[in-house]
Amino acid sequence: MSGQTPNGLDRLRGTFGDETVTEAARRARVRSLFDGIAPRYDLMNDLMSFGLHRLWKRKTASALAWATDEIDGPWIDLAGGTGDLAALLRRRDPARRIVVADASEGMLAVARRRHRDMETMRVDAEALPFEDDSAAGVTLAFGLRNMTDPGRALRETARILRPGGMLALLEFSRVAAFFRPFYAAHSRLVIPLLGRLVAGDKASYDYLVQSIRIFPDADTVSAELRAAGLRVANVKTFMFGVAALHLAIKP
Ligand SMILES: C[S@@+](CC[C@H](N)C(=O)[O-])C[C@H]1O[C@@H](n2cnc3c(N)ncnc32)[C@H](O)[C@@H]1O
């Protein structure tokens with residue numbers, strides 16, 4: 001099964017934040033952005049989210065482990081970046097093969113330094129180097145909105161999952177109306193300031209804010225997961241909709 005919903009993920013393909021770019025430019029700029037911010041990435045995440053991303057990732061890891069415990073095959077942390085979610089998965093099942101798969105060599109280098117013996121793989125999520133029906137589970141945290149072709153990346157993920165296997169997709173979402181003014185102030189003032197002072201790179205964090213703003217809501221993401229051939233088993237939102245965790249099973 002495949003398909004794309006209009007106004008869904010497909011329209012991100014020609015964007016880099018607020019800019020309109022070619023797909024090739026999107027791929028190159030996203031990769032070089034993450035190569036550049038990799039050394040400060042985890043610290044910035046902690047500061048921007050007040051440490052909450054760690055809690056959300058713990059919930060993502062435990063949902064995946066709980067649902068796919070009995071299924072053979074690797075757990076793949078796609079767009080795994082510096083490997084913190086993969087490290088949580090490893091704690092859940094030290095004997096299982098766990099792979100941090102990411103497009104940015106800079107992020108993977110940090111993952112290897114932080115988490116000894118962690119298997120890393122440089123991949124494009126749109127063409128994954130795994131067999132059909134081979135993975136027990138895939139986690140994808142805050143990566144989908146950065147992908148060159150997010151819809152294609154979901155279809156690739158569906159292809160490599162075993163029947164019964166799960167994608168745990170954690171991504172920014174749409175906040176509830178009452179919380180919007182606080183969130184807007186945080187995005188407009190706090191994140192660019194941290195980007196400038198801590199990461200020394202305001203432009204990259206401007207992209208981050210813009211990419212969150214143009215990312216679709218949780219219902220659209222559910223429709224995209226279904227279009228990729230997955231069954232959406234559960235959707236949980238965090239912090240009044242700041243982030244959403246979709247749990248999607250391959251039938
Ligand atoms: C915001 S970071 C998220 C990292 C980590 N999952 C986390 O939650 O902290 C987004 C990651 O997506 C990766 N990425 C972007 N496009 C990709 C693609 N087409 N294929 C694989 N990884 C990609 C980037 O290199 C980056 O490491």
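## Exercises on a predicted model

**Exercise 1.** Work out why Asp133 counts as partly exposed.

*Solution.* Start with the count: Asp133 has 13 C-beta neighbours inside 10 Å, so it goes down as partly exposed. The cut-offs make this clear, since a buried residue needs 20 or more and an exposed one has 12 or fewer. Finally, check the backbone: its phi is near 50°, a positive value in a residue other than glycine. Bear in mind that this is a predicted model.

**Exercise 2.** Find the buried residues of helix H4 (residues 84-92) and say which elements they pack against.

*Solution.* First go along H4 and pick out the buried positions: Asp84, Leu85, Ala86, Leu88, Leu89 and Arg90. Then look at what these buried residues pack against. On the helix side there are H2 (41-49) and H3 (52-68). On the strand side there are S3 (75-78), S4 (98-102) and S6 (135-141).

**Exercise 3.** Describe how helices H7 and H8 pack.

*Solution.* Two numbers get you going: the angle between a pair of packed helices and the distance between their axes. For H7 (residues 180-197) and H8 (residues 202-213), the angle is about 145° and the axes are 7 Å apart. The crossing is right-handed. H7 brings Ser187, Ile191, Pro192, Leu194, Gly195 and Arg196 to the contact, while H8 brings Lys202, Ser204, Tyr205, Asp206, Leu208 and Val209. Sort them by class and you get six nonpolar, three polar and three charged residues.

**Exercise 4.** How many residues surround the ligand, and how do they divide by class?

*Solution.* The ligand has 21 residues around it, and the closest are Ala79, Gly81, Ser104, Ala125 and Ala141. The shell splits into 11 nonpolar, seven polar and three charged residues.

**Exercise 5.** Why does the radius of gyration of the chain agree with a compact globule?

*Solution.* A compact globule of 251 residues would come out near 18 Å, and the chain has 17 Å, so the two agree. For the rest of the picture, 45% of the 251 residues count as buried. Among contacts with a separation of 6 or more, 70% join residues 24 or more positions apart.

Technical notes
Residues numbered from 1 in each chain as written. Predicted model: local features only at pLDDT ≥ 70, side-chain atom pairs only at ≥ 80, totals over all residues. Near = placed C-beta within 6 Å. Nonpolar A, V, L, I, M, F, W, Y, C, P; charged D, E, K, R; others polar. Axes fitted to C-alpha atoms, helices over the stretch in contact; angles between N-to-C directions. Helix = DSSP H or I, 4+ residues; strand = E, 2+ residues; numbered from the N terminus. Left-handed = near helix turned anticlockwise from the far one by under 90°. Contact = placed C-beta atoms within 7 Å. Rg over C-alpha atoms; globule rule 2.2 N^0.38 Å.
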